[in-house]
Amino acid sequence: MEKQIAVIRGDGIGPEIVEQALRVMDAVAEKYGHTFSYVEADMGGVAIDRWGEALPAAELEKCMTSDSVLLGAVGGPKWDGMPGDKRPEKGLLALRSAMGLYSNNRPARLWPQLAAASPLKPEIVAKGIDFIVVRELIGGVYFGEHRTEEADGELKATDVMSYAEHEIERIGRIAFETAGKRRKKVTSIDKANVLDTSRLWRKVMHRLAQEYPEIQYSDMLVDNAAMQIAKDPSQFDVVVTENMFGDILSDEASMITGSIGMIPSSSLGEGSRGLYEPIHGSAPDIAGQNKANPIGTILAAAMMLKYSFDMDEEAEAVEAAVSRVLDQGLRTGDMMAEGCTLVSCSEMGDAILKAL
Ligand code: NAD
């Protein structure tokens, strides 16, 4: 296959970690007979410095005309003082919106080799953690009307939460399709005992579930879900939920795996094009020191192979290479433990390439 990938290296550790991910992509291309071409796009602080804005139209165009986008991270203290609409992160919001990305997908996977980093009890961790939170990204209360007014001598604030059927259906489809590529189980999280939006959510999900008879479907209330993620995360495969619940639950899910540098994410919309990035930021405290953990970005590239390019075998080969390197006891500083070998960002890349 031939694929064009827009590459946004970004700020801080972004360029270092993206470099390692591209080396892995090149190795995959060679091993499996694909051609990946890369188009470099500026976004974030680097774009502000070079072009005067976080996401210039010409850079966005590169992303819009590529098969997918790989992003490192953006932002840093240099641009912290800028007004809200001029900040590096603005570029990310503009990119998500222009690409029509309504689904954010974040795996919570505990690598057995890093089990000690999980804050959960060993007997819970021993059952395994490997699920993905599919979060609706551009609807719900975050995008409803917000107002504060004076009423009866005090301030009163209101935030409006609304969902239309089509918004629920399209995120639901992503969840069912994702489950089809995994262990074929969807848990839909809502608050249907209280909220109308949740009752509609549940109705649409039930309708969709009938279209995917091979997928095992269940509902769960959000308060129970927050408990179950801490109590028995092994029960989940794909969790699908609305924007605010997803915001909270996906952070909880990342936390229980213990290592921020290891977690990738994808954002998807219509069609197969997606935005793939690690969940962490630009880590300015270690930028330029060849210390960063590149694995979150490498696994983001693996997600791209799987979910945008349908290259399941290739994605699994990358994940297996990561696992082998962890088995060898190689660790970057963020996940260093006793008895392991400390490696740099590029040495971690070398080791993954060798394992691949
Ligand atoms: P951060 O994720 O950048 O860093 C938090 C801590 O985790 C730091 O100690 C850092 O060194 C460490 N860390 C993060 N990624 C690591 C990796 N791959 N390897 C080793 N250690 C790693 O969060 P922050 O410090 O709150 O934010 C720094 C900047 O990043 C800010 O400007 C923020 O706005 C931006 N940010 C960007 C994104 C994004 O681009 N999607 C996301 C979050 C934050």
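In the predicted model, aspartate 190 belongs to strand β8, which spans residues 185-190. Aspartate 190 has a relative accessibility of 0% and is therefore classed as buried, since the cut-off for this class is under 20%. A polar atom of its side chain is placed 3.1 Å from the backbone nitrogen of alanine 192. When neighbours within four places in sequence are set aside, the contacts of aspartate 190 are Ser198, Trp201, Arg202, Met220, Leu221, Val222 and Phe245.

The loop between α6 (165-180) and β8 contains lysine 184. For lysine 184, a relative accessibility of 35% was computed, so this residue counts as partly exposed. The backbone of lysine 184 has a positive phi of about 65°, although the residue is not a glycine. Most residues other than glycine have a negative phi. A positive phi also occurs at alanine 283, with a value of about 40°, and this residue is likewise not a glycine. Alanine 283 is located in the loop between β12 (274-278) and α10. Its relative accessibility is 22%, and alanine 283 is therefore partly exposed.

At glycine 76, the distance between a backbone N or O atom and an oxygen atom of the ligand is 3.0 Å. For glycine 281, the corresponding distance from a backbone N or O atom to a ligand oxygen is 2.7 Å. On its own, the ligand has an accessible area of 820 Å², of which the protein covers 68%.

The largest nonpolar core consists of 64 residues, among which Phe36, Leu70, Phe176, Ile295, Leu305, Val322 and Ile352 touch the most other members. Helix α10 (residues 295-308) supplies the largest share of this core, with 10 residues. Leucine 305 has contacts beyond its neighbours within four places in sequence, and these are Met25, Val28, Phe36, Asp310, Met311, Glu314, Ala315 and Val318.

The relative accessibility of alanine 225 is 0%, so the residue is buried. Apart from residues up to four places away in sequence, alanine 225 touches Ile189, Met220 and Leu249. Met220 is also listed among the contacts of aspartate 190. Between the C-alpha atoms of alanine 225 and phenylalanine 236, which are 11 residues apart along the chain, the separation is 9.9 Å.

A further buried residue with a charged side chain is glutamate 59, which is positioned in helix α3 (residues 57-64). With a relative accessibility of 5%, glutamate 59 falls under the 20% cut-off and is therefore assigned to the buried class. Beyond neighbours within four places in sequence, glutamate 59 is in contact with Glu40, Ala41, Asp42 and Trp51.

Conventions:
Residues numbered from 1 in each chain as written. Predicted model: local features only at pLDDT ≥ 70, side-chain atom pairs only at ≥ 80, totals over all residues. Heavy atoms only, no water. Polar contact = N/O pair within 3.5 Å; in protein donor to acceptor, adjacent residues only side chain to side chain. Areas by Shrake-Rupley, 256 points an atom, 1.4 Å probe, with all protein chains shown as cover. Core = buried A, V, L, I, M, F, W, Y, C linked by side-chain atoms within 4.5 Å. Buried < 20%, exposed > 50% of the residue type's maximum accessible area, 1.4 Å probe, protein only. Helix = DSSP H or I, 4+ residues; strand = E, 2+ residues; numbered from the N terminus. Contact = heavy atoms within 4.5 Å.
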